[in-house]
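Subject: Structure for you to look at

Hello,

Below is the structure I said I would pass on.

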Amino acid sequence: MQWKPLRPGFGLAGRIDRTLVDRVGVNGVESLFRAGTDDYWMEQALIESMNSVGISAPNPGVGCVIVKNGRELARGHTQAWKQAHAERMAFHALPQDADLEGAEVFVTLEPCSHTGFQPPCSDLFPGRGIARIVVATVDPDPRVSGEGLRRLATSGVRVETGVLEPEVRASLFPFTKTRGPKKTVWVAKWARMPSGHLADVDGNSKWITNAKSRAYTHWLRQKYDAVVVGARTFLVDRPALTVRDCALPRQRQPERVVFDPRGELLSLPESELECFRVLVCNDLLPEPRRDGTVFVGMDATPESPDLGLVFKSTLESMNFEKPLQSVMVEGGARLLRTLFESGVFDAAHTFTGAQKFDRLSAREWLESGPGAGFSPCTHHVFDEDVLQEWVKED
Ligand SMILES: NC(=O)c1ccc[n+]([C@@H]2O[C@H](COP(=O)([O-])OP(=O)(O)OC[C@H]3O[C@@H](n4cnc5c(N)ncnc54)[C@H](OP(=O)(O)O)[C@@H]3O)[C@@H](O)[C@H]2O)c1
């Protein structure tokens, strides 16, 4: 499927302003649409859905707004995995005496039609006098995939689809990809100087981008299940890889992983590797380090031509608290290049910052985007920085 460029203000994280520190909370985000239009209410549902970031996976984070006579009655978003979906939350939030005769419901994803951990959401609407349900996009989950809409239509509820569809589909990423044949979605993220370099040779270039770009990145860290860096990045920058400086809710930290084929981190004290899992080539992993708590073996050598794919399959087969639906690789250039050559990535976020540094080397250089086979979707300016996002064509 072709991914269309999104309207300004939207990205793979949703409404971009909602992710920033200086605009905390739903009420702080200025609408991009005329109040009362379908686009306006769907944008509100999308903003509501962003409260599910980090908790709803592997379920999609959905938002729902119930409106009557141009006034909002209630809104809701998907709760933690196995708990209530957005539509049910919005119905729970209705005032006790609410009369739904003639009301309209805006929901980002088609209401589900099957019983999982929760009863079907499509059963909530019939018989309540609701005038219409507006849905942004059909659920790609094969258990639903149009069935929820059919159930609503046959029960006599008027259903419309497609409002703000590309923007909602993008914000639902990676859910919109994992419901195909793939299980884990891989995303690249890097920041370049205007020259295309990702680092200087002196280790002074830890931050190339400004605070807003970094806040957006921190939001992405809770959107994706795991965050990866290469061993050299770990040793030079000592990144915490945590969610800190973005807008609330900041509901979870991602799994944090270091790609270390040469075992360069083996000599570090364990206290410096707390919260990290480090993947090392098997032959370089000494016996006492093989218990899998911090270090995990990869069945390859640093010279193996398929090292990128072995890393991918090793990480995907590891046991984490929840199924690993998505992985974001934050560099450096050497790791990103290896994974691009193996065709691992499904999407990319790139920032071009204004900061310049001396003493650059070709080893640290990367293109401005992922290249052929990826559709550009986002172009956003954070003051002097530029964010671009791409998704691989299906
Ligand atoms: N601007 C950004 O977005 C950004 C993001 C992250 C990091 N950085 C900067 O990038 C620099 C470090 O990046 P880097 O590219 O040198 O290293 P890296 O990607 O962070 O680390 C990769 C590590 O894996 C090893 N390796 C062995 N075989 C490999 C293979 N086949 N493919 C890939 N790696 C392999 C590398 O060692 P060998 O190279 O010896 O093989 C290296 O130790 C730091 O200065 C950091 O500040 C910038």
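The protein averages a pLDDT of 92, and 97% of the residues score at least 70; pLDDT is the predictor's confidence in each residue, from 0 to 100. Over residues 23–27, pLDDT stays under 50. For that stretch the model has nine contacts beyond four places in sequence, a contact being two residues whose C-beta atoms, placed from the backbone, lie within 7 Å.

Two points on reading the model. This is a predicted model, in which local features need pLDDT of at least 70 and side-chain atom pairs count only at pLDDT 80 or more, while totals for chains, interfaces and linings use all residues. Residues are numbered from 1 along each chain as its sequence is written.

Domains. The protein is divided into domain 1 (31–172) and domain 2 (182–392), with bounds from an automatic or database domain assignment. Their centres, taken over C-alpha atoms, are 34 Å apart. Eight residues of domain 1 are in contact with ten residues of domain 2. On the domain 1 side, the touching residues are six nonpolar, two polar and no charged (nonpolar: Ala, Val, Leu, Ile, Met, Phe, Trp, Tyr, Cys and Pro; charged: Asp, Glu, Lys and Arg; polar: the others, Gly among them).

Sheet. Nine strands form an open sheet with mixed pairing, in the order β12-β11-β10-β9-β13-β8-β14-β16-β15. Strands (E, at least two residues) and helices (H or I, at least four) are DSSP runs, numbered from the N terminus, and two strands pair if DSSP finds at least two bridges between them. β12 (295–298) and β15 (374–382) are at the edges with a single partner strand each, so one side of each has no neighbour in the sheet. Within the sheet, β9 and β10 (residues 255–259) run parallel and are joined by five bridges; A226 has E255 in β10 as its bridge partner.

Ligand. Which residues come nearest to the ligand? Of the 29 around it, these are G230, R232, G331, G332 and R334, where a residue is near if its C-beta atom, placed from the backbone, lies within 6 Å of the molecule. The shell divides into 14 nonpolar, seven polar and eight charged residues. β8 (185–192), β9 (226–230), α7 (231–237) and α9 (333–341) each supply at least two of its residues, and the largest share, five residues, comes from α7.

Regards
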